[in-house]
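Hi there,

I am passing the structure on to you, with some notes to go with it.

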Amino acid sequence: MSTPSLLILAGDGIGPEVMAEVRRIIDWFGSKRGIAFEVSEDLVGGAAYDAHGVPLSDATMARAQEVDAVLLGAVGGPKYDALDFSVKPERGLLRLRKEMDLFANLRPAQCFDALADFSSLKREVVAGLDIMIVRELTSGVYFGEPRGIHKEGNERVGINTQRYTESEIARVARAAFDLARKRAGRVCSMEKANVMESGVLWRQVVQEVHDADYPEIALSHMYADNGAMQLVRAPKQFDVIVTDNLFGDVLSDCAAMLTGSLGMLPSASLGLPMENGRPRALYEPVHGSAPDIAGQGKANPIACILSFAMALRYSFDMGDEAARVERAVESVLADGLRTADLMGPEGGTPVSTSGMGDAVLAA
Ligand code: ATP
Ligand code: MG
């Protein structure tokens with residue numbers, strides 16, 4: 001087996017700061033665990049615009065298609081707000097997602113015990129929480145045609161179209177069932193089949209894929225509005241949730257607030273398998289470039305570190321090594337170390353970005 005390859009695109013704002021801590025962990029794996037990665041680094045977002053006049057160069061795009069996994073920091077910042085939409089930093093990320101065809105967005109919502117009082121909900125509702133939301137990322141109402149703002153008679157009409165093909169639904173359903181096999185074995189599919197045709201098809205196709213290939217998984221269906229309520233009322237009933245692009249956008253942000261800070265949340269976006277059997281994959285923290293704290297050593301690197309742990313698990317089949325990283329994070333939090341975003345009324349030991357990196361490495 002060839003050396004696993006990673007492309008690091010640190011991006012803008014706090015992106016390079018949190019990615020520096022991940023770099024140290026990658027090096028640690030090479031020197032202490034004998035697990036070497038072939039790492040290349042390149043520019044994305046505003047950093048790429050400054051250097052090349054585009055938020056993602058063709059050469060970088062080509063490299064992203066070759067490597068086993070892409071690790072991304074964050075893109076954007078006030079400096080680029082006035083740019084034309086076609087060269088905005090965010091377009092670099094959208095191009096990666098689109099050309100790599102990353103149709104399954106995985107957002108875990110996991111509550112570390114040490115942070116259970118941080119949630120918007122009570123400790124007993126969230127302690128031990130471990131949900132995986134799988135959001136369809138490349139189709140649905142954000143992409144469907146026709147779309148636009150038209151004039152009808154003497155008023156304007158805004159139009160978007162929710163459109164899903166059978167194969168688009170089936171492939172994201174498979175991603176969810178495959179994940180559930182390695183977790184608690186339960187999938188809840190969410191749509192609005194009571195009022196939407198695409199929801200009716202969604203429910204049918206998810207059920208068909210289940211019955212044909214995943215009969216051992218416990219599958220349930222829920223209307224997405226009820227799902228939102230259940231997520232806040234009793235989130236621990238869920239293992240894997242699979243849903244469309246729009247509902248997934250909303251539900252995953254809702255689930256994020258169950259667990260505390262934005263600085264804690266990792267994500268993975270997966271596509272179809274490459275020739276070597278690994279899925280096309282991009283891993284990134286959920287948070288953005290946080291211009292308000294950039295350059296001050298305040299950023300929490302844990303979301304980015306946990307995104308690398310997801311890469312170990314989903315791209316490289318190194319679940320034990322991923323768990324090693326997650327346990328290190330857990331123990332550092334249990335020891336009371338806190339970046340500013342995690343500092344609550346109960347206090348803790350304040351640490352900087354690199355201080356948190358030091359502690360995770362030591363653990
Ligand atoms: P985007 O548009 O790129 O999603 P955003 O405007 O939604 O960005 P973020 O950049 O994620 O927002 O920042 C939102 C808030 O959360 C900011 O106040 C920021 O400082 C804080 N924040 C985000 N990420 C972190 C982090 N890793 N550590 C500490 N604070 C963070
Ligand atoms: Mg945002």
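This is a predicted model: local features need pLDDT of at least 70, side-chain atom pairs count only at pLDDT 80 or more; totals for chains, interfaces and linings use all residues.

Residues are numbered from 1 along each chain as its sequence is written, while chains are lettered from A and ligands numbered from 1 in the order in which they are written.

UniProt, in an unreviewed entry, lists residues 5–360 as "domain: Isopropylmalate dehydrogenase-like"; its positions use the numbering given here, feature names are shortened, and annotations may be inferred rather than shown by experiment. That span is 40% helix and 23% strand, with its end C-alpha atoms 23 Å apart. Helices (H or I, at least four residues) and strands (E, at least two) are DSSP runs, numbered from the N terminus.

Now the sheet. It is open and mixed, with 10 strands in the order β2-β1-β3-β12-β11-β4-β5-β10-β8-β9; two strands pair if DSSP finds at least two bridges between them. The edge strands, each pairing on one side only, are β2 (38–42) and β9 (218–223). Within the sheet, β4 (residues 104–110) and β11 (residues 266–273) pair in the antiparallel sense over 3 bridges, and L106 stands opposite A268 in β11.

On to the helices. The axes of α8 (residues 224–233) and α9 (residues 245–256) come within 10 Å and cross at roughly 10°; axes are lines fitted to C-alpha atoms, for helices over the stretch in contact, and angles run from 0 to 180 degrees between N-to-C directions. That makes α8 roughly parallel to α9 (angles under 35 degrees count as such). From α8, the contact is made by A224, G227, A228, L231 and V232, and from α9 by F247, L251, C254 and A255; contact means C-beta atoms, placed from the backbone, within 7 Å.

UniProt's unreviewed entry also places a "binding site" at D225, D249 and D253. These cluster in space although spread over 29 residues of sequence, with a largest C-alpha distance of 14.2 Å. D249 is found in helix α9.

Finally, of the 15 residues around ligand 1, G263, H287, G288, A290 and N300 come nearest (near means a C-beta atom, placed from the backbone, within 6 Å).

Best wishes

Definitions and conventions
Angles under 35 degrees count as roughly parallel, over 145 as roughly antiparallel, 65 to 115 as roughly perpendicular and the rest as oblique. Two residues are in contact if their C-beta atoms, placed from the backbone, lie within 7 Å.
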